[in-house]
Amino acid sequence: MDLGTIPRLGVGVGWRTEIDTAVERLPGLDWVEVVAENVCAGHLPPSLRLLLERGVTVVPHGVSLGLGGADEPDPARLARLAEVAAAVGAPLVSEHLAFVRAGGLEAGHLLPVPRTRDALRVVAANVRIAQQELPVPLALENIAAHLAWPEDELTEAQFLAELVERTGVRLLVDVANLHTNQVNLGVAATAELDRLPLEALAYVHVAGGIERDGVWHDTHAHPVTAPVLDVLAALCARVDPPGVLLERDDRFPPPAELAGELDAIRRVHQAARQPEEAPAHV
Amino acid sequence: MSERDEYLIRDRAEAERALTELAAARRRLALRQGELLTALTVGGPAPTGFRPEQLRIQADGLLAKRRETVGHLMPELPELLGTEFAPLFRRYAHAHPLTGGYRADARQFAAWALDHAPAAPWRTELRRLLHPSGSRWSRLLPRRTARTHG
C-alpha cells in the first residue's frame, strides 16, 4: 500500500451554484469541492473558473458512481469524472462507499453496502477499476445510513480500512455522517475513528443536520451542531487532517453565517493542534 | 514441462478461479441490493433480517430526497400543488420508480398529476405549465442544477 503524498488542502466549502458569489468572497478560503455530476468539463461555470484563476484548489466529488454496487463502475461515468478532474486540475477526486442503483432501479441517494467479506471482494475490485481510469488519487467517503444490513460482519470503518489495505484508496471522513450513524444506528463515532487508518485521510466533511423524533437527518440544510464539531475535534486529536470542508446544499444562510461556520471549524482544528500545556507534575 | 511453465499454469488457474469467485460474489451482491432497493422504492417485500422500522425510515428518506429534488428543479410544482404535492408524489413514486435522471422525473410527475387529479383546482395552471404557448416545453427546462449530496 503506497499512499504517496496527500496534498494540504486547508479549509474549504462545497461550491454550489446558489452560493457561488458568496463562496467567491469568503475570506481565507483555501479550496472548494464541486459535485462532479453538476459540472461539465468543457463548460465550467465562470465562478469556478474565477476561483481556479485565483489559485483555489477544486476537488470533484462524485455521487453517482456507486462503487459499492454489484456491477463494475460504468465506464462512461468514470470517464466523465476523470474529465472533470482534469478540467479543474484536481489533486484528487472523491466518491462514496455506497451503492446507488440495483436491478434497474435508481436509489437517488447513497445506500450502505452489506459489509461482508464477500462484498468486500466486489467493492475492492470496483475501486481498483476506478483507480485505473482516474488521472488522480481517489478518496472514499463514509456515508450516513438509516439502516444496517443483517449480514454485516464489519463496521463501516473496518470495511474502509480493508479497502485502504487492499487498494491504497484514500479516506474522506464525514464527521456528520459518523454522528448520524451514532444517533440512528448506535455506532459510536469515536470507536469508528479508532478503527479508521487515518494515515490515509485525504480530507474531512462537516455538515449540519437536524434531529427529529430521535432520528438524525443529515440534511446539509441546517447549521453545523456542537455534537458534529465534537466528532471533528475527536478526529483532529488523532490526526492533523490535510483538509476540512463544509457542505451546505440547501436553505443557504447569509454569507456571514457561512463564514462563521468556517471559522468555527478552523477553531476546532487549531485547538487540537495547540493543546493546552500539560499540568505540572507535583 | 519446465518448472517455470508449471508456475505459469498454476498462476493462470488461480487467476481464473479468482475471477469466477468475483463473478459469483457480484451475483450475490446484486441479488441482495436489488431486493433492498425494491423494498425501499416500490414497496417490494422486506428482505429477510432487516429491522422494519429502519426500512421505513430509509424508504421515507429516499422518497423525501426524490420529492425535494423534483421540487427544487421545478419549483412551480410544490407552489401549485401545495399540500397535495407530497401525497400525490408518494403515489406517483411507488408506481414510477426512479430509473433515470431527476429532470425526466419532474416532467413525468407533472404529467401524471394532471391525469390523476381530475378535480384539482390547480389543473389549469399545471396544464399551462406543461403546455405553454410558444415552445411547448420551454417552461420545463430545468431552472437549477440537481442537488446531490452524501
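1. Buried area here is the accessible area, with a 1.4 Å probe, that two parts lose on being put together, summed over both. By that definition, chain A and chain B bury about 3,700 Å² between them, and carbon and sulfur atoms give 60% of this area. The model is a predicted one.

2. On residue counts, chain A puts 50 residues into the contact and chain B puts in 36 residues. Of the area that chain A buries against chain B, 16% is supplied by Ala70(A), Leu105(A) and Leu147(A), more than any other three residues.

3. Three salt bridges are found across the interface of the two chains. In one salt bridge, Arg32(B) pairs with Glu151(A), and the closest N and O atoms lie 2.7 Å apart.

4. On the side of chain A that touches chain B, at least two residues come from each of β5 (99–102), β6 (105–111), α4 (117–133) and α6 (175–185). The residues of this side of chain A comprise 23 nonpolar, 13 polar and 14 charged.

5. Thr116(A) deserves a separate entry. The residue sits in the loop between β6 and α4 of chain A. Thr116(A) counts as buried because its relative accessibility is 10%, and the cut-off for buried is under 20%. The side chain of Thr116(A) comes to 3.0 Å from the backbone nitrogen of Ala119(A). Leaving aside residues up to four places away in sequence, Thr116(A) touches Glu151(A), Glu153(A) and Phe159(A). Glu151(A) is also the salt-bridge partner of Arg32(B).

6. Next, the interior. In soluble globular proteins, nonpolar side chains tend to be buried together. In this model the largest nonpolar core holds 83 residues, and those with the most contacts inside it are Val32(A), Leu163(A), Val173(A), Val175(A), Val206(A) and Leu232(A). Helix α4(A) gives the largest share of this core, eight residues.

7. Not counting residues up to four places away in sequence, its contacts include Leu178(A), Leu193(A), Leu196(A), Leu198(A), Leu201(A), Val204(A) and Leu235(A). Also among the residues that Val173(A) touches are Asn142(A), Tyr203(A) and His205(A).

Conventions:
Residues are numbered from 1 along each chain as its sequence is written. Chains are lettered from A and ligands numbered from 1 in the order in which they are written. This is a predicted model: local features need pLDDT of at least 70, side-chain atom pairs count only at pLDDT 80 or more; totals for chains, interfaces and linings use all residues. Side-chain values use heavy atoms; hydrogens and water are left out. Contact means heavy atoms within 4.5 Å. A salt bridge is a side-chain nitrogen of Lys or Arg within 4 Å of a carboxyl oxygen of Asp or Glu. Helices (H or I, at least four residues) and strands (E, at least two) are DSSP runs, numbered from the N terminus. Ala, Val, Leu, Ile, Met, Phe, Trp, Tyr, Cys and Pro count as nonpolar, Asp, Glu, Lys and Arg as charged, and the others, Gly among them, as polar. A nonpolar core is a set of buried Ala, Val, Leu, Ile, Met, Phe, Trp, Tyr and Cys residues joined through side-chain atoms within 4.5 Å. Buried means under 20% relative accessible area, exposed over 50%, partly exposed in between (1.4 Å probe, protein chains only). A polar contact is a pair of N or O atoms within 3.5 Å; within protein, one must be able to donate a hydrogen and the other to accept it, and residues adjacent in sequence count only if both atoms are side-chain atoms.
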